[in-house]
Amino acid sequence: MQVLRGEATRRKPVWLMRQAGRILPQYRRLSERVGSFKTMVQNPEIACEVTLQPVDELEVDAAIIFSDILVIPEAMGLPYEMEKNKGPVFPETIGNAADIDRLVIAGEEGVHYTIAAIKLVKQALNNTIPLIGFAGAPWTIFAYMVEGSGSKTFTLSRSMLYSRPDMAHALLHKITQSTIHYLKAQVSAGADVVQLFDTWAGILSPQLYSVFSLPYLQQICRALQPVPVIVFAKGAFFSLAEIAQLPCAGMGLDWTISPQFARAVAGNNITLQGNLDPCVLYAQLPYVQKATIQMLQDFGPNRHIANLGHGVYPDTPLDAVKCFVNTVKQYEV
Ligand code: 1CP
């Protein structure tokens with residue numbers, strides 16, 4: 001929280017995107033017992049337990065609530081299914097104006113189970129470390145609702161921006177309003193900071209990104225003030241300067257951007273987060289340590305939260321993840 005406010009600290013804080021779930025044997029055991037991802041997300045006690053697993057095992061400096069970005073489409077009336085080894089799938093998708101009209105703007109209670117889980121985690125953490133809430137950025141949620149799943153080309157969602165910009169804006173507006181209600185409820189329940197995941201930012205041209213993503217990110221950041229928001233727009237190297245101008249406290253970076261370049265473009269009034277390539281964690285431990293220290297040096301002493309450049313991959317060796325975290329914690333700025 002200090003680093004997000006721009007204060008100097010003795011060492012840099014560290015957490016990992018996707019730390020809650022997937023890499024830990026205790027998560028896999030629980031997941032097998034419960035049998036379904038959605039049941040885990042919708043059961044506050046289980047979601048709380050999964051959120052705390054990496055805190056206990058890795059001793060990271062922040063917890064992130066266990067949920068998914070796709071709970072918002074579901075709260076708006078478009079349910080998802082989580083297919084094993086494939087990811088999320090929407091049986092129904094958004095293709096025309098009538099589909100958009102049918103969607104509701106989700107209210108505060110649209111995702112009550114995650115709000116309940118946040119309250120449990122907050123109590124369990126007892127103010128030892130902050131809790132990160134999150135949501136998908138409107139453009140990324142839009143892409144899933146129109147495509148029905150991840151995609152190689154995102155033809156349906158990208159072409160709608162050209163052929164029916166009015167419809168695209170109507171849908172983005174509904175997603176944005178729902179997301180603001182959801183994130184405000186997360187904050188009321190105890191989230192100290194929220195991160196917006198714009199996972200599919202990098203498939204848009206700079207021009208489309210400035211029309212169909214940035215204005216909605218702006219609305220969300222503004223609505224949440226003075227709560228710190230971190231915007232992670234994967235692949236949006238072309239928009240670093242614009243993102244840095246949003247009323248957000250932090251900007252997440254993927255590994256394709258050099259820390260020096262990011263700082264030069266973003267200026268000094270924003271905290272940078274990231275950005276070690278998750279694949280570094282498949283190397284030998286001495287290399288993991290060396291690459292981590294290099295990254296810490298490249299970001300300079302101030303306004304940096306150590307993280308990977310994207311979520312940790314499921315089959316990453318646990319000892320490399322621990323080496324990454326411990327290297328950051330032992331590095332004095
Ligand atoms: O049990 C399992 O193996 C399911 C894997 C899993 C997990 C653990 C999914 C499926 N979602 C999650 C939890 C999750 N999702 C969190 C928990 C908190 C943490 O970070 O530890 C978060 C923040 C998310 C966010 C999320 N979901 C994003 C944005 C972040 C990113 O990685 O880019 C995206 C794109 C999703 C959709 C999603 N959910 C799950 C998968 C496999 C995917 C991606 C599918 C695709 O590539 O299209």
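This is a short talk on the overall build of one predicted chain and on several of its residues.

The model is predicted, so local features need pLDDT of at least 70 and side-chain atom pairs count only at pLDDT 80 or more, while totals for chains, interfaces and linings use all residues. Residues are numbered from 1 along each chain as its sequence is written, and side-chain values use heavy atoms, with hydrogens and water left out.

Let me begin with the chain as a whole. Its secondary structure comes to 16 helices and nine strands, where helices (H or I, at least four residues) and strands (E, at least two) are DSSP runs numbered from the N terminus. The radius of gyration is 19 Å, close to the 20 Å that the globule rule gives for 333 residues, so the chain is as compact as a globular protein of that length; the radius is taken over C-alpha atoms, and the rule is 2.2 Å times the number of residues to the power 0.38. Along the principal axes, the C-alpha atoms fill a box of roughly 55 × 45 × 35 Å.

Of the 333 residues, 57% are buried, and here buried means under 20% relative accessible area, exposed means over 50%, and partly exposed lies in between, with a 1.4 Å probe and protein chains only. The accessible surface comes to about 13800 Å², of which 51% belongs to carbon and sulfur atoms, the areas coming from the Shrake-Rupley method with a 1.4 Å probe, and for residues only the protein chains shown count as cover. If we take contacts (heavy atoms within 4.5 Å) between residues at least 6 apart in sequence, 74% of them join residues at least 24 apart.

Now to individual residues, starting with Thr292. This threonine sits in helix 15, which covers residues 285-299. Is Thr292 buried or exposed? Thr292 counts as buried because its relative accessible area is 0%. Beyond its neighbours within four places in sequence, Thr292 is in contact with Leu276, Phe324, Thr327 and Val328. Its side chain also reaches the backbone oxygen of Val288 at 2.7 Å, which falls under our definition of a polar contact: a pair of N or O atoms within 3.5 Å, where within protein one must be able to donate a hydrogen and the other to accept it, and residues adjacent in sequence count only if both atoms are side-chain atoms.

In the loop that leads from strand 8 (271-276) to helix 15 we find Tyr282, which counts as partly exposed because its relative accessibility is 35%. Which residues does Tyr282 touch, if we do not count those up to four places away in sequence? They are Tyr313, Asp315, Thr316 and Pro317. With Asp315, the side chain of Tyr282 forms a polar contact of 2.4 Å, and the C-alpha atoms of these two residues, 33 residues apart along the chain, are separated by 9.1 Å.

Leaving aside neighbours within four places in sequence, the contacts of Glu74 are Lys38, Gln42, Pro79, Tyr80 and Tyr113.

I will finish with some points of backbone geometry. Most residues other than glycine have a negative phi, and most peptide bonds are trans. Against that background, the peptide bond from Gln225 to Pro226 is cis, with omega near 10°, and Pro226 lies in the loop between helix 12 (214-224) and strand 6 (229-233). The bond from Gly274 to Asn275 is cis as well, with omega near -10°, and Asn275 is placed in strand 8.

As for positive phi, Arg18 has a value near 65° and is found in the loop between helix 1 (2-5) and helix 2 (25-34), where it is partly exposed, with a relative accessible area of 45%. Asn127, which is not a glycine, has a positive phi of about 65°; this asparagine lies in the loop between helix 7 (112-125) and strand 4 (131-136), and it is exposed, with a relative accessible area of 64%.
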